[in-house]
Each structure stands twice: as C-alpha cells, then as structure tokens.
Amino acid sequence: MSTVLTIHNIKKNYGPIQALKGIELNVPKSSVYGILGPNGSGKTTLLGILLDVLKADHGEYQWNEFNSAQQARQQIGSLLETPNFYHYMTAEDNLKIAVQIKQRGFDDVDRVLKQVNLYERRQSKFSTFSLGMKQRLAIASALLGNPSILVLDEPTNGLDPVGIAEIRELIIQLSHEGMTIIIASHMLDEIEKVCTHVAILKLGNLIIEGSVGEVLNDEDTIEINASNREKLIDVLKNFDAIKSMKLEKNIQLTLNPNRNIEQLNQYCFEHGIILNHIIQRKRSLESKFMEITQ
Amino acid sequence: MLLLKIEWLKLKKYTTFWVLTGLFVSLYILWNIGANKSIVSMGSGPVNLMSSSYSFPNVWSNMGFIYSWFVFFLAILMIISISNEFSFKTHRQNIIDGLDRLDFLHGKAYLILSISLLSTLLFALLGLFFGLLNGGGNPLPQIEKVGYVFLYTLNYLSFAALIAFFIRRSGMSIVALFAYLLFETIFVKLINWKFDTNYGNLFPLQSSDELLPLPIMKSLSSMVPSQTADLPVMVYLFASVCYIAIYYIILRKKIITTDL
C-alpha cells in the first residue's frame, strides 16, 4: 500500500522542553490514521509542523502525492486546534476566503455548508455561533474542494453527543470513499470506532505505531470455562501456547504470538475437556493506551 | 493579484475599515476646505499659517504637510488589519489552507502599496482641485510632493505593520506607535541640538517627515542664520527607501523562520 505521508525523525523543542523527540511515521493511503496521546504528548505540535504553522528543529516530512508542501496544504483539508475565522464575517464569507486560498470554486461553499448542517445559518456572523457550530464550520472548511487527505485535530471538541456521532459517521463515510484521514485525539473510543491505524505518542516519543489490529490483536484476551474447571486448569498449565492465565469466574487467558483460539480449543478437546464457554475479547484501545502511557 | 483580492475579502465586510477610511478621506477634505477658506487657522488675526497658499505651486507642500497628520488613520487601519489576524488566529488558518508564509506577508505588503497609492491619488486630485480653484496656473512646480506623499505613506504604514507583526495586539500596537513617535520626535530634536547637526533627522519616520515640512517653517528657518546646513532631499528619499527595505527584510525573516 502506498504512503501519502512520510515523517522522518522530526524533533521540536520549546526552549528546554523537548516536545517531539524524533518522530517517524508513515501514513498509508486511504487509512484512517489515529494519533493518540495524553494532553501535552505532542500531537498538535506534530500536526502544526505538517501544516507549516510550526517549524521543526530537525527532520523532514513529505506529502508524497504533491509537488510542494504548499500545494499539499491547498489540496488537503485541515482543522488544527480551534476553529480560526474572522469573527465579523459570515460563515459563507469566511469560507470564500478559504476557497480563494485553496484556489477552488465558490460553488463548493454551499455544498460543504449543507454537509455539516450550517447552510441555513450561512449568513450569520461567525461571532454569533456556538462552539459546536464553530467546530462544524471548521470541518466544512476542511471539506472544501473534496480533498483526498483530511487532517483533523480533535474534531469533536465542543460538540454535543449528537454532533460527535454525526462527525464520526462523516469520517467513516469519507474513509469509505477512499479519503485518507489523519485524526489526532485523546478521546480513545472516538479513535477506536473509526481508525484503521494508530500511533501513540507520549511526552514527544512515538511509543507504538501500526494497524489497529497489529497494535491490539496479539493482546486479545480469551475467556473460557468448562464444567470440570479444575481439570481444565490442570490441562492448561501444561499447554505451551498460554502466555498468561487469570482465574476469575471464567478463566482469562492470553496466548503467545502465532497461537490462536482454534489451537486452544483443539488442545482442550484432545485432553478430554469440552469447553462450555469461549469468548475472544478484543483488547480495548483504552486499556492498551493506559498501559503504555502510564 | 490573488493576494490583494484575499485582503480585500477580509476588509470589505469590516466596519472599522470603512470608519477609518471614511474618517481619513472626509476629515482630510474638510480640513483642507476649512484651511482654504481660512476657517481653520494657525496663527492670530489675519495671519494664518495654514492657508498661506492653496494655489500652485505652494498647494502641494501646504497640503502635503497637512496630509502627514492624517496618515495616522491609515496607520491604525494597517495595524488593525494585521493584529486581527493574530487575535483571530487566521494567520495560522491562512497558512493551513495553503497560503505560503511569504505570501501572507506579501498580501499585507500589497495592501500597504494599494492604500498608499489610493491615498496619494486622493492627495493629487485634491491638490489639483484646490490649485485650479485658486487661480490655476502651472501645476508642475513642486509636483514631486506627490511622490513624497506616496513614499511618506509607504514608510508610515510599513512601520506600523512592523510594530503590529511583533506586538500582535491592536491596542498595544497603536500605543507603541504613538509612544515611538513621541520618543523619536524628542530624540531627533535632542540629537540635532546637542551635536548641532541635522543627522538626527535620519531616524526612520523623521526621514520621511522631512519630505513634507510645514512650508512656512522652512521659509522662516531659512531666514535664521544657522551653523548646520539642511541635508539634501535626496538623502531623505534614500533614507526612507532604505527603512522600508529594512522593515521588509526583518519581517521576511520573521515570517519565514518563526512559529506562527
């Protein structure tokens, strides 16, 4: 799969504070790429560098589908931190400025305003908007010109639960259309519901990167039980595929790499155990995240 | 011209822009009408230093001097148009949307150029109008003042832009501009007096002020024997151009290298 963005050894200091300590990332085409990290981990700094509002002290990045960084910014849609618009201008007039900068047609303004349900309020001044409406206008601005790549920094900030669900649906819909979406957030369930890939940052370091499956899959927990629980435990103790075992109401297992639930089931059967309960639980991103970042 | 068009989109719906432009145009016209009719005066009784002449060729220097006061409205306008970008963080948004950092600066530079050209045009048309109204004659002598007015505006607006790019807040920038003017005026006088020289006139804004002096003061000072000869006008022209170039170089370096 081709990569749309390559980041090589990016470092950034704010005085004595190292905000980014040599980040390496590759964003595959058509992925929904989540950048996760607690507040202060460097997510926004990284996106700020990719969008040229911040200067890296070291390293480089390349938007592979574009000839220059400026052309990339014109062609991709971005939302960084807070929505930034001229307070005294209407939603429509604000988007017209973005359209001019992106060198797109004015007719696109109506389309994106409808897409985020702000068309009825297009003639209202930005200063009269609620936080959620401002955020939706920023998303509308990012959607101008049907970009092939979207960069979103905390896109659901300030939105109510309905607004959050709408944006999530929009992201899923856009990704189905083949758009590459890079999304930074500290809201894990948000990321988990939409992302195909994740990178986790902590204090400016990249802790882990890969597809959601790679990051979480080998850590799935398996819950099993049998009517003869004691025998089951004895059998399992001799099975070399078991990485860890926790005895709770059901027996909770994790397996060594390259071993799977089918082998477990077969092993038990061959040793005279019929399982009456077997559930594979995907490890939640939240528990993984907490483990990594604590 | 895309950059100028973007600046125009930002300003055309901004009430403060129209208020300041309106104040500049209307007050400058009204003041000149008043001075021409001796309603506005400086001096006592029949002596009015303001209305000394609204006929050619003195109308150019007379109106040029008055112009130099009113340019503050334009300087404030320039400060607000830049500081707005910082307070709304739209300077970041413009870059994120695909504007090159230098283009952001150049947009403001084109705005300065356009405002300077238009206000110089206003000056030229008003000068012609008053000159023709007061007996006509040959408008060409001293017409170089039109060029000086352009350079003067360019210098003041670029200096205001420099302050706004560094201070970022409109109120503080306007205060800083006035504080600097006060400081410069005092310092220029102090240096000229202390060292018995005219080189103090080469401070950034004073160098352009020297292009548009109060005509009557010039004639008065020429009557008083002085040790120090006034610097040639070419020196002031050169200094003004150099300062504008220096502001540009400083801002260019700043916009390219710093975090926004």
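**Two chains of a predicted model**

From the N terminus on, the elements of chain B run α-α-α-α-α-α-α-α-α-α, where helices (H or I, at least four residues) and strands (E, at least two) are DSSP runs numbered from the N terminus. That gives 10 helices and 0 strands in chain B. Before I go on, this is a predicted model, in which local features need pLDDT of at least 70 and side-chain atom pairs count only at pLDDT 80 or more, while totals for chains, interfaces and linings use all residues. Residues are numbered from 1 along each chain as its sequence is written, and chains are lettered from A and ligands numbered from 1 in the order in which they are written.

Staying with chain B, 41% of its 260 residues count as buried, a residue being buried if 20 or more other C-beta atoms, placed from the backbone, lie within 10 Å of its own. Among contacts in chain B between residues at least 6 apart in sequence, 78% join residues at least 24 apart; two residues are in contact if their C-beta atoms, placed from the backbone, lie within 7 Å.

Which helix packs with α5 of chain B at an angle of about 145°? The partner is α10(B), residues 233-257, and the axes of the two helices are 8 Å apart, with axes fitted as lines to C-alpha atoms over the stretch in contact and angles running from 0 to 180 degrees between N-to-C directions. On the α5(B) side, Arg101(B), Leu102(B), Phe104(B) and Leu105(B) meet Leu251(B), Arg252(B), Ile255(B) and Ile256(B) of α10(B). By class, this contact has 6 nonpolar, no polar and 2 charged residues, where Ala, Val, Leu, Ile, Met, Phe, Trp, Tyr, Cys and Pro count as nonpolar, Asp, Glu, Lys and Arg as charged, and the others, Gly among them, as polar.

Turning to chain A, we have domain 1 (3-216) and domain 2 (220-293), with bounds from an automatic or database domain assignment. Their centres, taken over C-alpha atoms, are separated by 40 Å, and the contact takes 11 residues from domain 1 of chain A and 8 residues from domain 2 of chain A. On the side of domain 1 of chain A that touches domain 2 of chain A, the largest share, 3 residues, comes from α7(A), and by class that side has 9 nonpolar, no polar and 2 charged residues.

Finally, strands β1 (residues 3-14) and β2 (residues 17-28) of chain A run antiparallel and are joined by 9 bridges, pairing being assigned if DSSP finds at least two bridges between two strands. Thr3(A) stands opposite Pro28(A) in β2(A), and in the hairpin, which has 2 residues between the strands, Gly15(A) takes a positive phi near 60°.

How values were computed
Buried ≥ 20, exposed ≤ 12 C-beta atoms within 10 Å, placed from the backbone.
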